[in-house]
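Here are a few quick questions to work through with the model open in your viewer. Have a look at it before you start.

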Amino acid sequence: MGEGQQYPLGTIGALSLSVVSSVSIVICNKALISTLGFTFATTLTSWHLLVTFCSLHIALCMKWFEHKPFDPTAVMGFGILNGTSIGLLNLSLGFNSVGFYQMTKLAIIPCTVLLETLFLRKVFSRNVQLSLCVLLLGVGIATVTDLQLNVLGSMLSLLAVVTTCVAQIMTNTIQKKFKVSSTQLLYQSCPYQALTLFVTGPFVDGLLTNQNVFAFNYTPQVLAFIVLSCLISVAVNFSTFLVIGKTSPVTYQVLGHLKTCLVLAFGYVLLRDPFSWRNILGILIAMVGMVLYSYYCTAESQQKATTAEATQLSQATESESDPLLSVENGGGSLTDGGATRDPEWNLNKDLQA
């Protein structure tokens with residue numbers, strides 16, 4: 001199939017993998033945390049990243065992808081920033097109400113749009129902005145319940161939003177700037193992310209749960225769910241970098257809200273979680289926003305592609321017509337041994353005839 005068809009198929013595959021793996025790991029972690037009492041989310045994330053790195057290293061040894069080193073300072077800064085954003089999101093959840101935490105997640109899209117507009121000069125059309133507003137309204141209706149504010153929680157949420165936005169924008173820009181794939185970037189940044197969370201994880205989890213992760217009773221059932229969660233996380237981390245690289249940070253956040261709606265629906269169907277008409281209304285509005293966002297982004301991409309093709313065709317036509325015009329105007333000349341011969345050979349040929 002042509003390159004123009006492979007890109008949409010690759011993007012759809014990345015989006016599908018991200019949705020399936022993320023919903024799966026949420027269900028697995030919910031059983032691990034709620035049912036089995038393993039509440040050490042930050043430390044668990046560090047194990048996720050460690051397993052992801054080991055998996056990618058095995059893939060590298062099997063030559064499934066090529067190692068492409070690039071600026072080590074950029075890799076280190078990006079990895080530490082990514083790990084820090086994860087820890088801050090967990091702290092934000094711990095020091096705020098669930099409703100305020102959901103508002104924090106909703107704020108990531110407007111913040112990302114603002115940062116990309118100010119620093120990357122990216123333009124978001126009015127239709128795209130409108131569809132994002134519809135999406136955020138729906139997710140807000142479905143997930144935000146109570147809004148209890150406190151100074152420390154608000155500061156942590158602000159830091160979490162900013163670091164998350166910058167990290168996701170860097171995920172996209174680094175891949176394009178250094179011409180590395182999502183796998184190559186993930187492989188090189190994973191150790192720094194894992195180390196950041198491995199060092200800070202026990203402290204953060206102890207602060208939030210008043211428990212020691214190393215003193216927890218690791219039963220076979222707990223270990224089995226931890227191993228399953230780590231294996232699923234490989235697909236989650238890989239698809240995250242893949243989606244942001246192929247699309248944009250804003251599209252990844254829109255996809256994240258789709259996952260939220262799916263998790264709510266699966267929680268009601270599979271786990272019999274409480275569900276109200278407000279949740280249903282919010283999910284439906286969010287779905288409308290996602291459909292509008294997809295439609296407008298696709299239409300604008302097709303319009304840009306058509307414009308680019310028309311421009312290239314026009315340039316090609318002009319370049320082909322220029323030599324003909326120059327010959328007709330007598331501007332062309334033939335050289336023989338450095339001497340210039342005038343185009344009047346046509347006249348001599350006519351006289352001989």
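Q: Which way does α2 pass α8: in a left-handed or a right-handed crossing?
A: Bear in mind that this is a predicted model. In it, the axes of helix α2 (residues 41-61) and α8 come within 7 Å. As for the hand, α2 passes α8 in a crossing that is left-handed.

Q: Is α2 roughly parallel or roughly antiparallel to α8?
A: The two axes cross at roughly 155°. Angles over 145 degrees count as roughly antiparallel, so α2 is, relative to α8, roughly antiparallel.

Q: How many charged residues does the contact of α2 with α8 have?
A: Sorting that contact by class gives 16 nonpolar and nine polar residues. What's left in the charged class is one.

Q: What about α3 and α8: are they roughly parallel or roughly antiparallel?
A: Helix α3 (residues 72-95) packs against helix α8 (residues 182-209) with the axes 7 Å apart, and the angle is about 30°. Angles under 35 degrees count as roughly parallel, so that's the label for α3 and α8: roughly parallel. The crossing of α3 past α8 is right-handed.

Q: Which residue forms a salt bridge with Glu116?
A: Side chains of opposite charge can pair when their charged atoms come close. The count of salt bridges here is one, and its closest N and O atoms are 3.9 Å apart, within the 4 Å cut-off.

Methods:
Residues numbered from 1 in each chain as written. Predicted model: local features only at pLDDT ≥ 70, side-chain atom pairs only at ≥ 80, totals over all residues. Heavy atoms only, no water. Salt bridge = Lys/Arg side-chain N within 4 Å of Asp/Glu carboxyl O. Axes fitted to C-alpha atoms, helices over the stretch in contact; angles between N-to-C directions. Helix = DSSP H or I, 4+ residues; strand = E, 2+ residues; numbered from the N terminus. Parallel < 35°, antiparallel > 145°, perpendicular 65-115°, else oblique. Left-handed = near helix turned anticlockwise from the far one by under 90°. Nonpolar A, V, L, I, M, F, W, Y, C, P; charged D, E, K, R; others polar.
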